[in-house]
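Have the sequence and the 3D view open side by side while reading. The text goes through contacts between charged side chains and then turns to a group of strands.

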Amino acid sequence: MHPNRSFRRALTVSCGLTALVASLAAGSAAMAQDTQVGEVVVTAQKRSENLQDVPVSVAAISGERLQSAFAAGEDILSLSGKAPGLYAESSNGRVAPRFYIRGLGNADFDLAASQPVSIIQDDVVLENVVLKSSPIYDLDHVEVLRGPQGTLFGRNTTAGIVKFDTIKPSDETKGRLAATYGSYNTVTLDGGYGGAIVPGKVAVRASFLLQRRDDYIDNTYTKKENALGGFNEKAARVQLLVTPNDKLSALFNVHGRDLDGTAAVFRANVLTKGSNKLNGNYQRDKVAFDNTANNPQKYKGYGASANIGYDFDGVKLTSITAYENTHGYSLGDIDGGNPTGPGFIPFQSSTQDGLTNLFQWTQEVRLASDTDGPLSWQVGGFYFDTKYDNRTDPFFMPATTLRQTNKAWAAFGQASYKVNDQLTLTGGLRYTDDKKHMNVVSGPNKAPAVSVSDSKVSWDLSAFYKIDEDVSVYAKVASGFRGPSIQGRDIAFGSPASSAKSETIMSYELGLKSELFERRVRLNGAVFAYNIDDPQFSAVGGGSNSNRLINAKKGEAYGLELDSEFVVTPNFVVTAGYSYAHTKIKDSTLAVAPCAACTVTDKLNGAGLALVDGNPFPNAPKYTFDVTARYSYPIAKGELFAFTDWKVQGYTNLFLYQSKEFYSKGDFEGGLKVGYADKSAGWELAAFARNITNEANIKGAIDFNNLTAFVNEPRVVGVSLNANF
């Protein structure tokens with residue numbers, strides 16, 4: 001679709017939504033003011049603001065919606081579908097998650113993959129895919145920023161940001177604990193405690209996480225019961241806040257993790273040719289691996305940061321210095337079976353991948369206005385430096401170790417001007433310089449070193465208009481830039497490395513922020529359209545079993561997001577979110593290797609490669625829908641309550657090519673929690689179930705060998721205790 005037509009379609013939808021909301025707002029005064037939706041504070045613009053006053057498509061997740069997602073020991077992937085437009089998956093177990101926003105992401109499974117979605121924890125960007133899997137615990141809230149970012153955040157991104165903010169130290173002595181026990185001896189302990197050491201001057205908070213599950217999957221080939229499927233994740237963090245006077249603040253953060261778990265569980269021939277439905281070869285608690293290691297996964301890491309701010313009376317200086325380090329490995333039975341099956345397996349395949357001594361240094365410096373005038377501004381600089389060794393062992397030939405480095409720097413700024421009480425205009429600018437290098441350290445294939453670099457200017461403009469106290473609209477145009485990438489994994493299998501040049505994006509967005517019916521209803525929405533030049537894709541698998549970086553000529557998308565909250569009664573609250581994304585690859589000559597055993601529906605060129613022009617982006621759900629509901633009944637000093645959450649995912653193609661087997665459509669998953677809460681005393685006791693209907697949803701596939709797939713987490717039923725003290 002031409003960008004002008006995309007924008008006109010977005011404009012039409014936006015105008016219709018605005019007119020509808022304005023009419024609802026006009027009639028809302030007649031509603032009795034029983035209760036209201038609570039204020040949501042976000043830091044999407046690097047300062048604390050009401051969600052309703054931010055000209056950005058942002059969703060915030062906190063409280064029960066957030067806590068329930070991790071009740072069964074889930075990792076960061078449990079956030080998938082919890083905010084409109086956000087999707088996540090991984091073929092690497094509890095490490096190397098892949099995130100997608102508005103359909104834009106990267107399906108590359110290698111540990112050196114570059115992704116267009118940035119993960120930020122406590123103002124520190126986590127760039128490598130293993131760092132992106134850092135455990136999240138003792139959280140205050142999560143923000144999902146949709147669309148290109150860069151003029152306010154240190155690392156530029158074309159798709160968006162998932163931002164995690166933990167609970168910080170304060171003078172008030174307080175703590176919290178979330179404890180669960182469930183099926184498969186699943187245990188979660190997530191908590192924190194802190195307070196003043198020197199009142200008004202020094203405060204501390206210590207946080208911890210323990211997540212574990214017993215192995216529950218039998219290996220029928222080796223006849224070992226409970227051979228794999230479990231995990232043991234431990235993490236801890238200490239934060240120290242020093243405020244010697246009312247101008248200087250320094251927040252120090254030290255943290256670490258230790259993971260001993262199971263890599264992704266691939267299951268051979270669980271799909272039947274011509275169908276995307278799981279067949280009789282699939283049994284959740286059984287596999288038939290000839291690899292006797294049973295898919296081990298081990299990672300350790302640690303990091304530290306210093307966030308220092310100084311108030312110069314009207315101007316605030318912020319410096320964030322951070323260091324991250326991690327190392328570990330995953331081993332997988334990739335074909336998902338053994339020489340006897342299940343089904344026909346052309347050859348056996350096992351691979352071990354790991355990182356050695358990854359380090360990441362980042363330095364961000366910002367200078368921001370801190371006055372009450374109509375003009376607010378911020379300028380900053382960012383430096384990024386990472387280095388690591390990436391080892392791949394295919395077992396049928398000697399292992400290969402590659403050394404990867406990436407150095408980047410940027411200068412950025414943004415200014416907002418309040419024209420009057422209704423209109424605010426904002427503009428931002430960023431310059432980025434990005435350099436990457438890869439060379440072979442050891443291995444049988446002495447491939448040449450590869451270096452790539454690029455620099456770009458990106459920008460954004462927005463206008464925010466308050467129709468009245470409860471309804472606002474905004475418009476935003478933004479460009480974005482993702483630097484060039486290198487993929488060297490194929491060197492370990494005797495093929496050359498590949499690289500992709502920079503991708504650039506132009507995004508158009510119209511948004512609505514509203515609180516209606518005496519603020520008993522919050523309804524926010526946005527329509528968007530974007531066009532990408534030279535989008536980076538990964539042609540993974542195929543009959544050639546490659547992992548090759550490619551650029552399409554162009555890509556385009558349009559869609560919408562809706563976020564809502566309804567206070568039906570003081571005791572009954574419902575939230576609902578919906579997203580729609582139509583994505584399309586635009587390159588009439590782009591062709592990739594098709595699968596080895598599936599039924600490809602794309603046309604093939606003369607070389608037998610699948611032509612993917614017009615296909616959707618990989619792992620880009622056509623739509624997502626999520627809903628939560630909480631009902632409480634006052635009793636004694638507290639309340640009986642029930643909380644449920646559900647998510648549904650539309651058509652999602654798993655690869656660049658399309659086939660009759662490798663896609664999902666209409667998958668859903670739900671949870672339930674029922675219990676008693678004493679809010680005045682700060683505790684609740686409940687029974688819970690995650691994936692309550694025990695859905696087996698396909699999350700991904702392996703296509704180079706047989707009709708292999710991997711699925712979501714099993715149903716877990718248990719009890720939970722949450723306490724604040």
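The model is predicted. Side chains of opposite charge can pair when their charged atoms come close. How many salt bridges does a search of the whole structure find? The search finds 38.

Begin with D645 and K82, whose side chains meet in a salt bridge with an N to O distance of 2.5 Å. D645 is part of strand 37, which covers residues 638-649, while K82 sits in the loop between helix 2 (63-69) and strand 4 (86-89). The two residues are 563 residues apart in sequence, so their contact ties together separate parts of the chain. Are D645 and K82 buried or exposed? Both D645 and K82 are buried.

A second pair consists of E509 and R102, which form a salt bridge with their closest N and O atoms 3.1 Å apart. Here again distant parts of the chain are linked: E509 belongs to strand 28 (residues 503-516), and R102 lies in the loop between strand 5 (98-101) and strand 6 (117-121). The separation of E509 and R102 is 407 residues. Both E509 and R102 are buried.

K554 is partly exposed, because its relative accessible area of 42% falls between the limits of 20% and 50%. D533 is also partly exposed, with a relative accessible area of 33%.

Salt bridges can also be followed through a group of residues. Which residues are linked with E64 in a network of salt bridges? The network joins E64 with R630, E639, K673, K679 and E684.

Three strands form an open sheet, in the order 14-13-17, and their pairing is mixed. Strand 14 (224-228) and strand 17 (286-287) are the edge strands, each pairing on one side only. Strand 13, made of residues 217-219, pairs with strand 17 in the parallel sense over two bridges. To locate this pairing in the view, find D218 and look for its bridge partner in strand 17, which is K286.

Definitions and conventions:
Residues are numbered from 1 along each chain as its sequence is written. This is a predicted model: local features need pLDDT of at least 70, side-chain atom pairs count only at pLDDT 80 or more; totals for chains, interfaces and linings use all residues. Side-chain values use heavy atoms; hydrogens and water are left out. A salt bridge is a side-chain nitrogen of Lys or Arg within 4 Å of a carboxyl oxygen of Asp or Glu. Helices (H or I, at least four residues) and strands (E, at least two) are DSSP runs, numbered from the N terminus. Buried means under 20% relative accessible area, exposed over 50%, partly exposed in between (1.4 Å probe, protein chains only). Two strands pair if DSSP finds at least two bridges between them.
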